[in-house]
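Student: I have a model open and want to learn how to read its features. Can we go through them one at a time?
Tutor: Gladly; let us look at the structure together.

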Amino acid sequence: MYTKLLSKNNYLSFSGFQRINNEIILSNVRGNGLFIIDSDNYQIKEIKKFISMPEEAQRYHRGCCSKNNSVYFYPDGAGNGIHKYDVLKKEQVYIETGDYTCSYAYINEEEMILLPAYATDKILKLDLRTDTLNKIEVYGLERDKIGSNFFKCGQISGNKVWMSLVRTPSLFIVDLVSKEVCRQLVGNEDIRLWGT
């Protein structure tokens, strides 16, 4: 597999990585490749295929988070699922997300919160103890109510998620418990935010 990847892509490209013990774990942007790299000498130790992912997939993952010796790769526009890789057991789990482009994800205690890249009516929450995916329906983030583009990223503070809407002065504060959405104007209508 390594030779096949090298013959089609003469460089390694990735959107994020995690370092656990002395290993760097990343997903190749240009094809189905789970790379494990020795962080002492930066030599590739192993290349695996991601399960339930097309071999020629491009930009399947947008980034990754880690918790308890596992790396969680969350989906970009081409992806429809989360890949969990247990570094100690060397095992993979695939969690279907459906058509949900994620802009960013955070680990919040024993949950991974997946923030949407585009206007939607839900935020996804993955229980890291059971690998169960839950949808938090948040009415007020729908495209027709926003009438705009996409979310770039966000931040978590307690039970609240703060997300800016790209090229607008709008900041959305979502309470994950009450599911209330508060839309704030940052500055005036002439301000254009790009991230949070």
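Tutor: This is a predicted model. Start at aspartate 127. Its relative accessibility is 16%, so aspartate 127 counts as buried.

Student: Which residue forms a salt bridge with aspartate 127?

Tutor: The general idea comes first. Side chains of opposite charge can pair when their charged atoms come close. Here, the partner is arginine 129, with the closest N and O atoms 3.3 Å apart. Arginine 129 is exposed, at 58% relative accessible area.

Student: How many salt bridges does a search of the whole structure find?

Tutor: The search finds nine. One of them joins lysine 45 and glutamate 23, with 2.8 Å from N to O. This pair links distant parts of the chain. Lysine 45 sits in strand E4 (residues 44-48), and glutamate 23 sits in strand E2 (residues 23-27). The two residues are 22 apart.

Student: What about the salt bridge of glutamate 111?

Tutor: Its partner is lysine 125, and the closest N and O atoms lie 3.4 Å apart. This pair too links distant parts of the chain, 14 residues apart. Glutamate 111 belongs to strand E10 (residues 111-116), lysine 125 to strand E11 (residues 122-127). Glutamate 111 has a relative accessible area of 24%, so it is partly exposed.

Student: Now the cysteines. How many disulfides does the structure hold?

Tutor: The count is zero. Take cysteine 65 as the case. The nearest cysteine sulfur belongs to cysteine 64 and is 6.9 Å away. A disulfide needs the two sulfur atoms within 2.5 Å, so that distance rules out the pair. Cysteine 65 is buried, with 8% relative accessible area. Cysteine 182 is partly exposed, at 35% relative accessibility.

Student: Which residues form a nonpolar patch on the surface?

Tutor: Leu12, Phe14 and Phe17 form one, with about 270 Å² of accessible area together. Phenylalanine 14 lies in the loop between helix H1 (2-8) and strand E1 (17-20). Phenylalanine 14 counts as partly exposed, at 39% relative accessibility.

Student: How should I read a cavity?

Tutor: Think of a probe. Rolling a probe the size of a water molecule over the atoms shows where empty space is left. In this structure there is one cavity of 30 Å³ or more. The largest cavity has a volume of about 60 Å³.

Student: Which strand gives the most to the lining of the largest cavity?

Tutor: Strand E5 (residues 61-67) does, with three residues. The lining residues include Ser15, Ser27, Arg59, Tyr60 and Phe73.

Student: Last topic: backbone angles. What should I look for in phi?

Tutor: Most residues other than glycine have a negative phi. Asparagine 21 has a positive value, near 55°. Asparagine 21 is in the loop between E1 and E2. Asparagine 21 is exposed, at 53% relative accessibility.

Student: Where is glutamate 109 found, and what is its phi?

Tutor: Glutamate 109 is in the loop between strand E9 (102-108) and E10. Its phi is positive, near 60°. Glutamate 109 counts as exposed, with 66% relative accessibility.

Terms used: Residues numbered from 1 in each chain as written. Predicted model: local features only at pLDDT ≥ 70, side-chain atom pairs only at ≥ 80, totals over all residues. Heavy atoms only, no water. Salt bridge = Lys/Arg side-chain N within 4 Å of Asp/Glu carboxyl O. Helix = DSSP H or I, 4+ residues; strand = E, 2+ residues; numbered from the N terminus. Buried < 20%, exposed > 50% of the residue type's maximum accessible area, 1.4 Å probe, protein only. Patch = residues over 30% accessible without salt bridge, like charges linked within 9 Å, V, L, I, M, F, W, Y side chains within 5 Å. Areas by Shrake-Rupley, 256 points an atom, 1.4 Å probe, with all protein chains shown as cover. 1 Å grid on protein atoms, 1.4 Å probe; cavity = no way out; pocket = protein on both sides within 12 Å on 5 of 7 lines; lining within 4 Å. Points joined across faces, edges and corners; volume = space filled by probe spheres on them.
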